[in-house]
Amino acid sequence: MKKPTSATALALALATVVTAAGQTAVASPTTGDDGLERFRKQSLTWTECDDPALARSGTECARVTVPLDYSRPDGRTLTVAISRIKATDPEKRRGILQSNPGGPGGRGLSLPAEIKAKMTPEVAAAYDVIGMDTRGLGESTPVDCGLTRGMWLHAPGPDRAGFDESVRLSRDDARKCWDKYPDVLPHLSTRNIARDLDIVRSALGERKTSWFGQSYGTVLGAVYAQMFPRRIDRLVLDSAPGPADYHSFEMVRKMGPANEKALDDFARWAAPRDGEYGLGATAAAVRARVEGLLRSAETEPIPVGGHRITHQELPLVLFSLVTDDTGNADFALAVRALLDAAAGKPVTVPPALKQFLDMISDPRGTGRAADYAAQLAVLCADAAMPRDPEYYWQGVERARMSQPVFGPVTNVPLPCAFWKEKPREKPTEINNRVPALQIQATGDTRTTYESGLRMHRAMRGSKLVTVPARSHAVYLYYPNDCVKRTVNDYLLDGTLPARNTVCAS
């Protein structure tokens, strides 16, 4: 889950193979008898990226061949697209830093340029930064299920009929994907993506790799460290969920209370600025305005920017814009515009709101529908979720009182509830002493701080840097010099903080 864009904010996003009891065993990737040598030793051709923006940034692109099914390396293959910005000083080069922007379903080819921009010159000199569109996504062999929406979240509204519509949409998304990719979907798991990462490492001729992952990318990094502990050099995990939370419905459900707290935080910010935004002179008044806007949309969709925002869509607008406290002004402008539009006044659509409207208006044209399909493929290959709609209906009803804005939308079923096949492998149990630097914001609305603490405890060699802020994906997107310095120092000299620490906002 990359920060700030509506698409990525909604997405929401883990030596020898360690297999938990009941997992499908795969031959050790450190031996030559597992049938993977032809993949490890393949020759890569680096060319200018097809995307002009990537080419202008100095990013190169290449393609890597990997097995669809690692237990059958002589069978069908996939192509994985990777990108690279080389170390700026070959004499000071340390190795590679592989990366993932989150999601799952976040495209990663542009990430090296973003990471390089945050590195000090000394760190930029030390690493080739490697990006990847993971299997099933983007420029890699993609899954495009022909879906017509760009996210699974669908607010059920005030009654059972709206909830039943949410169930129908999720069921249909699952059916469309399975009808089109029955032989591929079971293999788009995080464990297989981790195996792909190791093929990339080997094809690049590197004995070890360093890692930067944010949101879902922390899960992928932790899984890689568990499966290939001797291949890890330096490991940065930014905005992590708990491993068990990711592999269940709980990661989504816990977003409800977290986003309600974020809305209260925003309301406290907006109240002293009532003269500027006109949202209310007290925090309670601001929240009442937002909740009143939802009730208004239940009666009549809000006409804005050529789109009519329904009560199923409005909570998603709020969900996408409340993520970061540095975006409070954008959120306030969007709420003001929606209030005015609901009252029949002409409005100029603020940029943050326009981005969301563009995404929901044309998810196929923007590519978001295909990315959503890839996101589902990974989530549902990783996690088995309850299949009974009544389980989710009860969650919706319980959440209404304490979480009036976000509770219902974070309790409707994902398409994983209707996935045809359960995960082929059990979740990787994260429990190791691999050294790692973990960054976690106290007000994170996507991977909550409490959930992140569970990742910290599972990664027993990690040191935790706490950021007292409402943010997700801190290193790249939040203005905190302490975090930037801590990450860059660690990447440069490998020294973790002596103890868990706090980087004040």
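Q: Why is Cys145 called buried?
A: Cys145 has a relative accessible area of 6%, and buried means under 20% relative accessible area, exposed over 50% and partly exposed in between (1.4 Å probe, protein chains only). Cys145 therefore counts as buried. The model is a predicted one, in which local features need pLDDT of at least 70 and side-chain atom pairs pLDDT 80 or more, while totals for chains, interfaces and linings use all residues. Residues are numbered from 1 along each chain as its sequence is written, and side-chain values use heavy atoms, without hydrogens and water.

Q: What makes Cys177 buried or exposed?
A: The relative accessibility of Cys177 is 0%, so Cys177 is buried.

Q: How do you know that a disulfide joins Cys145 to Cys177?
A: The S to S distance of Cys145 and Cys177 is 2.1 Å, and a disulfide is a pair of cysteine sulfur atoms within 2.5 Å. The pair therefore meets the definition.

Q: What makes the disulfide of Cys145 and Cys177 right-handed?
A: The torsion about its S-S bond is about 110 degrees, so the link of Cys145 and Cys177 is right-handed.

Q: Why is the disulfide of Cys482 and Cys503 called left-handed?
A: For Cys482 and Cys503 the torsion about the S-S bond is about -60 degrees, so this disulfide is left-handed. Their sulfur atoms are 1.9 Å apart.

Q: Why is Cys482 called buried?
A: Cys482 has a relative accessible area of 19%, so it counts as buried.
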